[in-house]
Amino acid sequence: FFFPERIKFIEHIDSKEHFERYSLVDVFLDTVIYKSKNSFCEALLLGVPAICYQGDSSESCILNYVGLEEQIVSSLAEYETLAIALQFDEEKFISIIRKLDHRRYSEEGIFNPQAHSKWIASYEEALLSIPP
């Protein structure tokens, strides 16, 4: 299910155009080896559902935080299956979009600085508790 006409290689553009291009994206596919960080966050903030591989990554933490755990996969086969499902299963795709939009437009939002700072504090506390 590879559609070469759906893949676009683009030159450097300004920020406004960069964000506008997310409207062309159906699903953001985070890579397994090289994580996307900012682009991943931008996609979610702009309402584009994302898929990521589980593990110690900020991407999987973010999806857990916003309640989209079903977008975190544990194998490459699951990654491919979910990507294809979101392409061809309109009901599943709309369900994910609705969950994402609900979170984006809620008071809590996608990224809550107060909740994030509490998470960082607990992470630092855990690190400091490890003996040297």
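A search of the whole structure, which is a predicted model, finds one aromatic pair (rings of Phe, Tyr and Trp, the last by its six-membered ring, pair if their centres lie within 6.5 Å; planes under 30 degrees apart count as stacked, over 60 as edge-to-face and the rest as tilted). Phe28 and Phe40 form this pair edge-to-face, at 6.1 Å centre to centre and with 80° between the planes. Phe28 belongs to strand 1 and Phe40 to helix 2, so the pair ties together parts that are twelve residues apart in sequence. Both Phe28 and Phe40 are buried (under 20% relative accessible area; exposed is over 50% and partly exposed in between, with a 1.4 Å probe and protein chains only).

**Ground rules**
- Residues are numbered from 1 along each chain as its sequence is written, and side-chain values use heavy atoms, leaving out hydrogens and water.
- Local features need pLDDT of at least 70 and side-chain atom pairs count only at pLDDT 80 or more, while totals for chains, interfaces and linings use all residues.
- Helices (H or I, at least four residues) and strands (E, at least two) are DSSP runs, numbered from the N terminus.

**Helix 3 and its surroundings**
- Glu59, Ser60, Ile62 and Leu63 are buried in helix 3 (residues 58-65).
- Down the axis of helix 3, its buried residues fall within an arc of 160°, so they line one face of the helix (the arc is that of the directions from the helix axis to the C-beta atoms).
- These buried residues pack against helix 2, strand 2 (50-53) and strand 3 (72-73), where contact means heavy atoms within 4.5 Å.
- Gly67, with a positive phi near 80°, follows helix 3.

**Helix 5**
- The 15 residues of helix 5 (residues 90-104) should span 21 Å at 1.5 Å a residue, and its end C-alpha atoms are 21 Å apart, which agrees (the expected span is 1.5 Å times one less than the number of residues).
- Ile96, Leu100 and Arg103 are the buried residues of helix 5, and they fall within an arc of 60° seen down its axis, so they line one face.
- Their cover includes helix 2, helix 3 and helix 4 (76-88).
- Glu90, Glu91, Arg98 and His102 are exposed on the other side of helix 5.
- Arg103 has its charged end over the ring of Tyr65, 4.7 Å from the ring centre (NZ of Lys or CZ of Arg must be within 6 Å of the centre and within 35 degrees of the ring normal).

**A loop residue**
- Lys37 sits in the loop between strand 1 (28-29) and helix 2 (38-45).
- Phi of Lys37 is positive, near 45°, in a residue other than glycine.
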